[in-house]
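Welcome! Take a look at the sequence and structure first.

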Amino acid sequence: MPESYQSTNDFTHNSGSAQSQNMYTSHQENNEFNMDNEQIATQGSDQFSEAISDLDSVLDDIEASLEENAEEYVNSFVQKGGQ
Amino acid sequence: MPQLRDSTHSLEEPTSNELVGSRDITGINDGASDVNASTVDDTDSANDDNELSNRAHGLPFERIFGIETEYGVSVTGQRPDSDMLDASHVASVIFEPIVSQSRSTNTYIENGSRLYLDVGAHPEYATAEARTVTDAVRLDAAGENLMAALAHQAERALRERTGNEKLRVHMYKNNTDSQGNSFGCHENYLVRRHVRLNDLEQSFIPFLVTRQIFAGTGVIRAGQFQISQRADFLEDTISSATTRARPMINTRDEPHADSRMYRRLHVIVGDSNRSQKASWMKMMCAHLVLCMIEAQARGEDYRLTRFAMQKPGECARSISRDTSLSAQMTLISGMQVTAIDIQQGYCDAAGRFIARHYNDLAQDMRNDMIACVELWHQTLESLRQGNFSELSSWVDWVAKYQLIQSIKKRSENTQKLNANDATQGTSEGDGETSSTSSANNSQVNKSQTDESQTIKSQTGKSAVDARISQIDFAYHDIAHDDVIGALQKNGKITPIFTLTEIRAARHNPPSDTRAWLRGNFIQQARKNSVQWSADWTSITMLGNRERQAMTVHLIDPFEHSPNEEYDEFMGEILTSRKDDPMLPLI
């Protein structure tokens, strides 16, 4: 894997980051799958604690505008399947 | 049956699920002549096809993209036994402005896209042909914006007619309703004809199956959070003769000046993304994989067939059920790998592809591809590390998952607080509390918190679960967009396009595909009050007392320049006698 990647967020203007050709010719060839089996963090609440408190203001805003009757909201959404 | 329906819809969902390899070279795409792949001699001389593909439009790896989205509708706030509105009724009210304008629930709009009411009361929007993924995603966002406007208009109309100001019309950009019915977000890609269908199956499907790890929109099903809304509804095989099965991809011939050049690949496995960046990545990565498959068919070595899966449908489902992303799948080769491993393999190969073809690619496409591969690498690394805060800004399933976890955490915290307050209160009064009485008190307190936690509605759902289920759907509600609205307002999710860009995209077709010829025609026809019809491959001025109907065929989706025939045709519009006055579309 190449050493550095610059993240490019501005997709609209197609600016991209003009990486040179070398980056792509020199990066490590992965002939086999990555078999390191790095342990993926499981869904413990610790992993999210920071992100969760972050969302407090989002939840406040949602609570303020979302319909009160959650069950009615969900149950009234019935369609037949599409094609 | 809409009056102006034409049978040659080349960019829409085929009516049959058969895999197509028709050898019809007249350039007319007739659904009836589609032939099952197994009976087609797919061994055109590879060299001939390579030649043709290479000559196609001069620029290698150019592609036409399209996104079709089926929306769901609902209405809340009805008075019981009084307002009797269901999805069908609401959908027809939503389409009233369209029907009054075009006399059909099936029409094209000024940006060249198609707008229609699908079976099962699904409003559907199919983007005009786009030459870049960015254009396709922008057109899709324009469709979302238009659908929301139509829903608001229907809400006003229904409130007025029923006198019920509490009615709310909802429009969902998602893939499932509350009863487990599924509907789709379909992608269209023009693929060069020299690619063998078998290669497509082996090399492309594993990518599609594992793509959900960044493209999935998440859903709660049977009490469990799943990564992809669509995974549960897919069959294993690429092709099927029965109408009940839903193959992940199927193909149709694309009418073309020379129909040996392209096939249209129709992908139904994707989720309907709210995140524009997720839509972009979903299609851009697919584009790269298809480029490699096309190059592979010409002899370049990417070894994409090594990812081939025995049971892709089963793999899709097991990946969907595992937010730890550690589930292993067995490939046909016998290797055991995770979804991240497979995506990494495609991503690395894409990097090699760009390096190899660096000088062949048009600059803007190259820049897009480079940006895509960079983000792809970063994303896979974030997924490996479980770095979800990074991903939550654009991966729909992660954003939704975090919201749900936050709600649960909040609810737990509230209960803990209540429990603490209660025990605090009882011990304040007593200097010393006997162990017995405090034990009794905490028993009482515990049962109080249990009660609030388990306050169940008639259906047995706790308040928290009901809220979570509501948010699961509200995330996709473009008409009452409270969830995404709150996320955007707090800077948690960033769109690619501004509202100004999106509004402009509602009225302006891409200038570099056949959509321009169609969109321009529609604009002028409206302006000059001329009645018209259109489909993907033709535009028609309807006949009146003074003249016959006139049709121009637009066979090549890449062709955007007016020719003499088109110019004459447009000239006719300007000099034509005005037909019935038209109301402006919303």
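The points below are grouped by topic.

This is a predicted model. Chain A is built from helices, four of them, with zero strands. Over all chains, the count of salt bridges comes to 25, and a few of them are picked out here.

**Chain A at a glance**
- Along the sequence, chain A reads α-α-α-α.
- Chain A has 83 residues, and 39% of them count as buried.

**A link between the chains**
- E63(A) and R467(B) form a salt bridge through their side chains, with 3.1 Å from N to O.
- This pair joins two chains, because E63(A) sits in helix α3 (residues 56-65) of chain A and R467(B) in helix α14 (residues 463-474) of chain B.
- E63(A) is partly exposed, at 39% relative accessibility, while R467(B) is buried, with a relative accessible area of 13%.

**Salt bridges within chain B**
- In the bridge between E144(B) and R274(B), the closest N and O atoms are 3.0 Å apart.
- These two partners are 130 residues apart and link distant parts of the chain: E144(B) belongs to helix α4 (residues 133-162), and R274(B) to the loop between β11 (262-267) and α7 (276-297).
- Buried means under 20% relative accessible area, so E144(B) at 15% counts as buried, and so does R274(B) at 9%.
- R211(B) and E187(B) also meet in a salt bridge, at 2.9 Å from N to O.
- That pair spans 24 residues, from E187(B) in strand β7 (residues 185-192) to R211(B) in the loop between α5 (197-210) and α6 (212-215).
- Both R211(B) and E187(B) are buried.
- One network, made of salt bridges that share partners, joins D140(B), E144(B), K173(B), R274(B) and D481(B).

**A covered helix in chain B**
- Helix α10 of chain B (residues 363-385) has 23 residues and reaches 33 Å from its first C-alpha to its last, close to the 33 Å expected.
- Most of α10(B) is covered, with 18 of its 23 residues buried.
- After α10(B) comes G386(B), which has a positive phi near 70°.

**A charged patch on the surface of chain B**
- E564(B), E565(B), D567(B), E568(B) and E572(B) form a negative surface patch.
- One of these residues, E564(B), is found in helix α18 (residues 564-575) of chain B.
- E564(B) is exposed, with a relative accessible area of 65%.

Definitions and conventions: Residues numbered from 1 in each chain as written. Chains lettered and ligands numbered in written order. Predicted model: local features only at pLDDT ≥ 70, side-chain atom pairs only at ≥ 80, totals over all residues. Heavy atoms only, no water. Patch = residues over 30% accessible without salt bridge, like charges linked within 9 Å, V, L, I, M, F, W, Y side chains within 5 Å. Areas by Shrake-Rupley, 256 points an atom, 1.4 Å probe, with all protein chains shown as cover. Salt bridge = Lys/Arg side-chain N within 4 Å of Asp/Glu carboxyl O. Lys, Arg positive; Asp, Glu negative; His and termini not counted. Charge placed at Lys NZ, Arg CZ, Asp CG, Glu CD. Helix = DSSP H or I, 4+ residues; strand = E, 2+ residues; numbered from the N terminus. Buried < 20%, exposed > 50% of the residue type's maximum accessible area, 1.4 Å probe, protein only. Expected span 1.5 Å × (residues − 1).
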